Amino acid sequence: MIVCEVGLNHLGNEEYSNKYLEYLSNSKCDAITYQIREPKFYKSDKYKNFELSMEHYQKVIDNTDKKVGFAISNPDLLKTFNDMGSNFFKVLSWDLTNYRYIDRLLNETEKPIHISTGTSSIEDIDKFFNRYGYNKRISLIHTQLTQKPEDANLKSISFLKNRYSYGIGFGNHSDNLNVIYGAVPFDPQDIWFYVKAANYNWRFHPDEFWSVILSDVDKVIGNIEAVKSSIGNGMKTSINAKGY
């Protein structure tokens, strides 16, 4: 699954959000996500105007053939988004140890749950696995919350696959988008990357530097598919390169 994350890059403007929805609905991506933060987040001066209406989120779900998921930091909204028809939920990395919230996701919904590991230690993930064990609804997302390509640590995708019986995806936070293509040979279950429109009144997006411009989304997905197809099956074969 290729997941395009709007996150908070809608900047709290529903007309701007509609632009994302229209563009991504006609793209090659499989899913779209939005992020909804806890109430105190929206009380800060920087993000006080970033809330979208519930009616708008319902419109997002109802007006696309793509899967739609939500990363929700406010547990009080879990039932609302579940009832609205969310296809899956993303758990932000600092909530991996929030077992009360994970329990609610598992007990109050029947949707897939994708859990980011960006701020988690191996001890945190071990404790998580020891608590929940294998569950086909749970998958992990390997990501590093840093822009530096050298910090991406893509081999962790294989490490996590071998250590836990969960599907393992990859989420990009690097400002060098080639890191996305570097993840492909490690065969992540899903690839997640943020998206942004070219500009909005010259404002920076919260995920500005590691987002793919909307007009480049299909190009990036095409490159992912090309890298995937180039890996082959590992068997050496002879190909006629003499031109006859």
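Predicted model: local features only at pLDDT ≥ 70, side-chain atom pairs only at ≥ 80, totals over all residues.

Residues are numbered from 1 along each chain as its sequence is written, and side-chain values use heavy atoms, with hydrogens and water left out. When I say helix (H or I, at least four residues) or strand (E, at least two), I mean DSSP runs, numbered from the N terminus.

Let's start with H5, which covers residues 122-132. Which residues of H5 are buried? They are Ile125, Phe128 and Tyr132, where buried means under 20% relative accessible area, exposed over 50%, and partly exposed in between, with a 1.4 Å probe and protein chains only. Those three cover an arc of only 55° around the axis, so they sit on the same side of H5; the arc is that of the directions from the helix axis to the C-beta atoms. As a reminder, an α-helix has 3.6 residues a turn, so residues three or four places apart point the same way.

What do the buried residues of H5 pack against? That would be helix H4 (99-108), E5, strand E6 (138-142) and helix H6 (156-163). Contact here means heavy atoms within 4.5 Å.

Now H4 and H5 as a pair. They pack at an angle of about 40°, with their axes 12 Å apart. Axes are lines fitted to C-alpha atoms, for helices over the stretch in contact, and angles run from 0 to 180 degrees between N-to-C directions. The two helices are therefore oblique to each other, given that under 35 degrees counts as roughly parallel, over 145 as roughly antiparallel, 65 to 115 as roughly perpendicular and the rest as oblique. On the H4 side, the contact is made by Tyr99, Ile102, Asp103 and Leu106, and on the H5 side by Lys127, Phe128, Arg131 and Tyr132. Just after H5, Gly133 takes a positive phi of about 60°.

Step back to the loop between strand E5 (113-116) and H5, and you land on Thr117. Buried or exposed? Thr117 is buried, at a relative accessible area of 5%. A polar atom of its side chain lies 2.9 Å from the backbone oxygen of Ile141. Leaving out residues up to four places away in sequence, Thr117 touches Ser93, Leu96, Ile125, Leu140, Ile141, His142 and Thr143.

Most residues other than glycine have a negative phi. Asn153, in the loop between E6 and H6, has a positive phi near 50°, and at 42% relative accessibility it counts as partly exposed. Asp187 has a positive phi near 55° and is exposed, with a relative accessible area of 53%.

Definitions and conventions
Polar contact = N/O pair within 3.5 Å; in protein donor to acceptor, adjacent residues only side chain to side chain.
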